[in-house]
Amino acid sequence: MSDLSRRHLFQIAAALPMLSPMKVLAQAGAVYDADVAIIGAGAAGLAAARELQSLGKSFVLIEARDRVGGRVYTDTSLGEKFDAGAVYIHWAETNPWAAVARELGVATVDSDKVPSEFRRFENGARTQRNSRRGYAVLTERFDTDIANVPDVPLTERVSADGDEVFRAVLGMARMSLGEEAERVSSLDYARLWSGDDLLLPEGYGTLVERFARAIPVRLSTRVRAIDWSGAGVAIETDRGALRTRSVIITVSVGVLRAQKIRFTPPLPDNTLSGLEGLGMGALTKIALRFEGNRFDVKPGTDLWELVGPRATFDFECWPFDRNVVVAILGGDHAREVVRLGEEGAVALALERFEKLVGGDARSAFKGGRLAAWSEDPFAMGCYSHALPGQADARAKLATPVGDRIFFAGEATGGDGFGGAMTAGGAFLAGQEAARKAARLRA
């Protein structure tokens, strides 16, 4: 549709107050700006765009941020790189990002070959107590036939295994899923794939940014509404409207649940049920930049501090020999810290780190950065998890709406949702949604 014809349509809409510009576009006949609109230029959206390129389909890729990558982002604002979001290429044997890294010549490192040391603290004091038995039991509980795993909270799954295992499941959920264990479905967690992990010295976000260079993206463009009442879909953004045969929506569950995009007609009950059955974790990172002193701590060392029954800091020190320490925290503790704002959160992390390393860490401190995905308006959480009793929520969300609205991302994972919560699963979900959209003839 030309700009002139669209302008005329909006003039008509202005003369007919009962009809919005979106409605006029929806009733104006099947004239399309592109075959597919893709909302969100994270892992899923970029993969969908690349797949449509290979299939010879036209698309418009829309991104609300001023950058690509979504929750895969390598932050350089401190003068040292750190991955503010995703870090690992999980289950690298089948993760498509491993192949992308090889194709683009981006270096990867087997995470098992990275030197590491683990030091445990409780309220600032070094302790030898560990949770090896607890994590071993957790492995047994979930290394089993999926059919035997009930759709109950993670805490209920280990309720008869004693305090050590209970503490282990709390820590695992909080620090790997970003959520409290009682809010996570055991069955959803058990479905996740496992395998070898790769790290990227230059950053996961750097890899995604390089992958995106050959893909046209409309940055800093927010989608306000989607009208699928007529043929195709009419999409309203803060930079104008467009019409496509179908739409692939890759924004997070948090954004969708906040109803930041208006749908006409409303989404069906099955889709809404899927959204209500998924929560968003709050895994958070606070990067601390230092110069001139590393406090006798070697690169690759983790300083793990338990400061309360449900409050933990994990300080990853000098990753890839960079002058930065990344504090990781999750669950309700992370939400409380995030409410302090960046200045307050950085100050708290510096205080805790100084208690662990001793000396005057402040004299070497040069700045900090808070990566608070739970407060990010374009994410509203780190990644998704199914709530207890809602293990079918991902399948509901993945069901196409009206044969022209396709949801894809880490929430819909890939291959039976085993890739859920990961950038690799988002990539696979984006590819699959693109193939479905490409088959559409209307």
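**Figure 1. Contacts of Gln 431 in the predicted model.** Leaving out residues up to four places away in sequence, Gln 431 touches Ala 47, Ala 48 and Glu 51. This is a predicted model. Gln 431 sits in helix H15, which covers residues 423-438. Is Gln 431 buried or exposed? Gln 431 has a relative accessible area of 17%, so it is buried, the cut-off being under 20%.

**Figure 2. Helix H15 against helix H4.** H4 spans residues 96-104. The axes of H4 and H15 come within 8 Å. They cross at roughly 90 degrees. Angles of 65 to 115 degrees count as roughly perpendicular, so H4 and H15 are roughly perpendicular to each other. Which residues make the contact? From H4 come Pro 96, Trp 97 and Val 100. From H15 come Ala 423, Gly 424, Phe 427 and Leu 428.

**Figure 3. Thr 237 in strand S10.** Strand S10 runs over residues 233-237 and includes Thr 237. The relative accessibility of Thr 237 is 9%, so this residue counts as buried. Its side chain has a polar atom 2.9 Å from the backbone nitrogen of Arg 239. A polar atom of the Thr 237 side chain also lies 2.7 Å from the backbone oxygen of Gly 240. Which residues does Thr 237 contact, leaving aside neighbours within four places in sequence? The list includes Thr 221, Arg 222, Val 223 and Arg 224. Ile 62 and Leu 242 are also in contact with Thr 237.

**Figure 4. Two buried cysteines, Cys 317 and Cys 382.** Cys 317 has a relative accessible area of 2%. Cys 382 has a relative accessibility of 6%. Buried means under 20%, so Cys 317 is buried, and Cys 382 counts as buried too. How many disulfides does the model hold? The count is zero, with sulfur atoms within 2.5 Å as the criterion.

**Figure 5. Confidence along the chain.** The average pLDDT of the protein is 91. A score of at least 70 is reached by 92% of the residues. Where is the pLDDT below 50? Residues 1-28 are such a stretch. Beyond near neighbours in sequence, residues 1-28 have 38 contacts in the model.

Terms used:
Residues are numbered from 1 along each chain as its sequence is written. This is a predicted model: local features need pLDDT of at least 70, side-chain atom pairs count only at pLDDT 80 or more; totals for chains, interfaces and linings use all residues. Side-chain values use heavy atoms; hydrogens and water are left out. pLDDT is the predictor's confidence in each residue, from 0 to 100. Contact means heavy atoms within 4.5 Å. Buried means under 20% relative accessible area, exposed over 50%, partly exposed in between (1.4 Å probe, protein chains only). Helices (H or I, at least four residues) and strands (E, at least two) are DSSP runs, numbered from the N terminus. A polar contact is a pair of N or O atoms within 3.5 Å; within protein, one must be able to donate a hydrogen and the other to accept it, and residues adjacent in sequence count only if both atoms are side-chain atoms. Axes are lines fitted to C-alpha atoms, for helices over the stretch in contact, and angles run from 0 to 180 degrees between N-to-C directions. Angles under 35 degrees count as roughly parallel, over 145 as roughly antiparallel, 65 to 115 as roughly perpendicular and the rest as oblique.
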